Amino acid sequence: MEPVVVVHGGAGSRVSPEREQRVRQGVARAAAAGYRLLTAGGSALDAVEAAVAALEDDPEFNAGCGSVLNANGDVEMDASIMSGRDLSSGAVSAVRCIANPIRLARLVMEKTPHCLLTSQGAAEFAAAMGVPTVPGEQLVTERSRKRLEREKQEAQNSDQQKDRGTVGAVALDCRGDVAYATSTGGIVNKMVGRVGDTPCVGSGGYADNAVGAASTTGHGESILKVTLARLALFHVEQGKTLEEAAALALGHMQSKLRGLGGVILLDSAGAWAARWTSESMAWAAAKDGKLHVGVNLGDTRVTDLP
């Protein structure tokens, strides 16, 4: 089986010209990191974890360092990961002072009988697993502070285009196993304790070797209400192409709820798709030694991987 990894860096309003190249490079690095693991014989789980951790470490994205701030000016993060081989999954929500929530989510999957830990319970589990904490301020960027200030000034504007958030990855390894991982800082100026779609299996992502894998991004409350990831894969099960499945799922969310977002998909044969209804979505895919990268519609660039 030819390995493949696809990543996204969040769907939302158009990326500003001064950030576009940094965002493009960020998703490219993440996809390349996951692909290197796959071509070395690593698992799909290893690949999606590594790709998402790379995006969490990049301050350009709303996950890990660079996460948006809640109403109190703090970072609270959600993440989830799932194996398509046996449907095992792990997730964390409303966690603080953890550099890579996706790594903690995988520990929940592998070291506990549970699927999701939240807030203080997740913090206690992280300490028990020896996961180092970082000062909360270390995760806060100046851009995040300015976004919170701007959002509070424009609180009456409910334009969902602003809800650019979430990073994610899907992968297929040489053994035919698929996996997904998704991580986010949530929505700027959110209520303390708010949990979105990202840590919820079926909404923020889904993986099943019999069908494929999906990771979503966009307006979290809308994604939750339509279980976007599982809905997209349902259409794949019904015989739709990946592009058709993504369009149908996203179209349903937009028509029912006016919710905007994006999804990356791959199937058990290694075909993949990236689609969105928002103004832009940074994404990258690596397969057959080629790296495909895009941010806006019609701007895909293809290069050889080193």
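Ala79 has Val92 as its bridge partner in strand 3. Strands here are DSSP runs (E, at least two residues), numbered from the N terminus. The model is predicted, so local features need pLDDT of at least 70 and side-chain atom pairs count only at pLDDT 80 or more, while totals for chains, interfaces and linings use all residues. Residues are numbered from 1 along each chain as its sequence is written, and side-chain values use heavy atoms, with hydrogens and water left out.

| Pair | Sense | Bridges |
|---|---|---|
| Strand 2 (residues 77-83) and strand 3 (residues 89-95) | antiparallel | five bridges |
| Strand 2 and strand 6 | antiparallel | six bridges |

On the strand 6 side, Ser83 stands opposite Ala179. The hairpin of strand 2 and strand 3 has five residues between the strands, and Leu87 there takes a positive phi near 65°.

Is strand 2 mostly covered or uncovered? It is mostly covered, with seven of its seven residues buried. Buried means under 20% relative accessible area, exposed over 50%, and partly exposed in between, for a 1.4 Å probe and protein chains only. Met77, Ala79, Ile81 and Ser83 are buried on one side of strand 2, and Asp78, Ser80 and Met82 on the other.

The largest nonpolar core has 56 residues, and Ile81 is among those with the most contacts inside it, together with Val7, Val27, Ile102 and Leu291. Such a core is a set of buried Ala, Val, Leu, Ile, Met, Phe, Trp, Tyr and Cys residues joined through side-chain atoms within 4.5 Å. Apart from this core lies another, of 37 residues, including Val170, Ala207, Ala246 and Ala274. Leaving out residues up to four places away in sequence, Val7 touches Val27, Ala30, Leu55, Ile264 and Trp283, among others; contact means heavy atoms within 4.5 Å.

Cys174 sits in the loop between strand 5 (167-172) and strand 6 (178-184). Cys174 is partly exposed, at a relative accessible area of 35%. Its C-alpha atom is separated by 22 Å from that of Trp283, 109 residues apart along the chain.

There are three cavities of 30 Å³ or more. A cavity is a set of points on a 1 Å grid over the protein atoms alone where a 1.4 Å probe fits but cannot get out; lining residues have an atom within 4 Å of a point. The second largest cavity has a volume of about 60 Å³, taken as the space filled by probe spheres set on the points. Its lining has 11 residues, with Thr166, Thr184, Gly186, Arg194 and Gly218 nearest its centre.

Key:
1 Å grid on protein atoms, 1.4 Å probe; cavity = no way out; pocket = protein on both sides within 12 Å on 5 of 7 lines; lining within 4 Å. Helix = DSSP H or I, 4+ residues; strand = E, 2+ residues; numbered from the N terminus. Pairing = 2+ DSSP bridges.
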